[in-house]
Amino acid sequence: MLRNPYTRFKWVAFFEGSSFLILLFICMPLKYGFDIPYPNKVFGMMHGLLTVLYLFALIDFTVNYKVSLSKSLLFLIASLVPFGTFYAEKKWLRPIGALRGEH
């Protein structure tokens, strides 16, 4: 399943983006609205780990698929914006994969 850099990056981006949304829209309201901090700690740590994995997967993908520095920076910036990884996957990652015959 995760045999090539394209697939690894695609899945790590999905989970990183999902963890960011869970953190923003579920954990933060629980912490600040209802004084329930525990989910924020758990998902915050998970999101941090996934962000590091995202960076490693991005580097691996960039090197193996010879992605330009500007496109790599766009992928990096997309990880900082809510829903950004999903947008980047659809607009930038899919076309790169299609050129190489990836699904």
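**Close-up views of a predicted model**

**View 1. Helices H2 and H3 cross in a right-handed manner.** A crossing is right-handed if the near helix is turned clockwise from the far one by less than a right angle, and left-handed if anticlockwise. This is a predicted model, in which local features need pLDDT of at least 70, side-chain atom pairs count only at pLDDT 80 or more, and totals for chains, interfaces and linings use all residues. Residues are numbered from 1 along each chain as its sequence is written, and side-chain values use heavy atoms, with hydrogens and water left out. H2 spans residues 38-65 and H3 spans residues 69-78. Helices are DSSP runs (H or I, at least four residues), numbered from the N terminus. The two pack at an angle of about 160 degrees, with axes 11 Å apart. Axes are lines fitted to C-alpha atoms over the stretch in contact, and angles run from 0 to 180 degrees between N-to-C directions. H2 and H3 are therefore roughly antiparallel (angle over 145 degrees).

**View 2. Side chains of H2 meet those of H3.** From H2 come Tyr54, Leu55, Leu58, Phe61 and Thr62. Their partners in H3 are Ser72, Phe75 and Leu76. Contact means heavy atoms within 4.5 Å. Six of these residues are nonpolar, two are polar and none is charged. Here Ala, Val, Leu, Ile, Met, Phe, Trp, Tyr, Cys and Pro count as nonpolar, Asp, Glu, Lys and Arg as charged, and the others, Gly among them, as polar.

**View 3. Asp60 and Arg8 form a salt bridge.** The closest N and O atoms are 2.9 Å apart. A salt bridge is a side-chain nitrogen of Lys or Arg within 4 Å of a carboxyl oxygen of Asp or Glu. Asp60 lies in H2 and Arg8 in H1 (residues 5-34), 52 residues apart. Asp60 is partly exposed at 25% relative accessibility. Arg8 is also partly exposed, at 29%. Buried means under 20% relative accessible area, exposed over 50%, and partly exposed in between (1.4 Å probe, protein chains only).

**View 4. Glu89 pairs with Arg94 in a salt bridge.** The N to O distance is 3.2 Å. Glu89 is buried at 15% relative accessibility, whereas Arg94 is partly exposed at 44%. The whole structure holds two salt bridges.

**View 5. Arg100 touches Asn64 and Tyr65.** Residues up to four places away in sequence are not counted. Arg100 sits in the segment after helix H4 (84-99). Its C-alpha atom is 8.8 Å from that of Tyr65, 35 residues away along the chain. Arg100 is partly exposed, at 49% relative accessibility.

Key
Parallel < 35°, antiparallel > 145°, perpendicular 65-115°, else oblique.
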